Amino acid sequence: MDREWEGLVASWIFLPDVAERIGTADRQVRSMVRDRRLLAFRVGENNALAVPEDFLVPHQEKEGREEVLRSLKGSLIQLADAGYNELESLRWLYTYEELLESTPIEALRAGRVATVRRAAQGLAF
């Protein structure tokens, strides 16, 4: 089975660990995945669901906690509206974009949300 996504992302976090790091229940994280506010893929020897570590950032208000990158939800919605499935969305987020001079996920983490959204606007098919 081709597991291209494992080569796109350097570091993955399994769902129970995501829940612990953001301070919520595991079912809430699974709900975020189901609602496509987070992308999760089966990785590793155990074939367990995990999300890219880049999707988590230090919490803006709670010291020592993390949160899901706030701009990720809107970006994933925009990609879905453009007809991208989960793998295509992940591939786009982790592929260097000349317009951004970085990968879209790096640009989102740097706060360049509007630039990423403009780059994604041209993707609709």
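Tutor: Happy to! Let's start with serine 75, which is in contact (heavy atoms within 4.5 Å) with Leu108, Val116 and Arg117, once its neighbours within four places in sequence are left aside. Keep in mind that this is a predicted model, where local features need pLDDT of at least 70, side-chain atom pairs count only at pLDDT 80 or more, and totals for chains, interfaces and linings use all residues. Residues are numbered from 1 along each chain as its sequence is written, and side-chain values use heavy atoms, with hydrogens and water left out.

Serine 75 belongs to helix H4; helices (H or I, at least four residues) and strands (E, at least two) are DSSP runs numbered from the N terminus. Serine 75 counts as buried because its relative accessibility is 3%, buried meaning under 20% relative accessible area, exposed over 50% and partly exposed in between, with a 1.4 Å probe and protein chains only.

One of its contacts, Val116, leads us to helix H7, residues 113–121, whose buried residues are Val116, Ala119 and Ala120. These lie on the same side of H7 because they cover an arc of only 100° around the axis, taken from the directions from the helix axis to the C-beta atoms. The other side of H7 has Arg118 and Gln121, both exposed. As for partners, the buried residues of H7 pack against helix H4 (72–81), helix H5 (86–93) and helix H6 (104–109).

Arginine 112 sits in the loop between H6 and H7, and its relative accessible area of 31% is why it is classed as partly exposed. Not counting residues up to four places away in sequence, arginine 112 touches Leu100, Ser102 and Ala107.

H5, one of the packing partners of H7, holds glutamate 88. Glutamate 88 has 28% relative accessibility, so it counts as partly exposed.

Elsewhere, helix H3 (residues 26–34) has its own buried set: Val29, Ser31, Met32 and Val33. Their cover includes helix H2 (15–22) and strand S5 (66–68). After H3 comes arginine 36, with a positive phi near 65°.

Finally, the strands. Two strands pair if DSSP finds at least two bridges between them. Strand S1 (residues 12–14) and strand S3 (residues 48–52) run antiparallel and are joined by three bridges, with tryptophan 12 partnered by proline 52 in S3. S3 also pairs in the antiparallel sense with strand S2 (residues 41–43), again over three bridges, and here valine 43 has alanine 48 as its bridge partner. The hairpin of S2 and S3 has four residues between the strands, and within it glycine 44 takes a positive phi near 75°.
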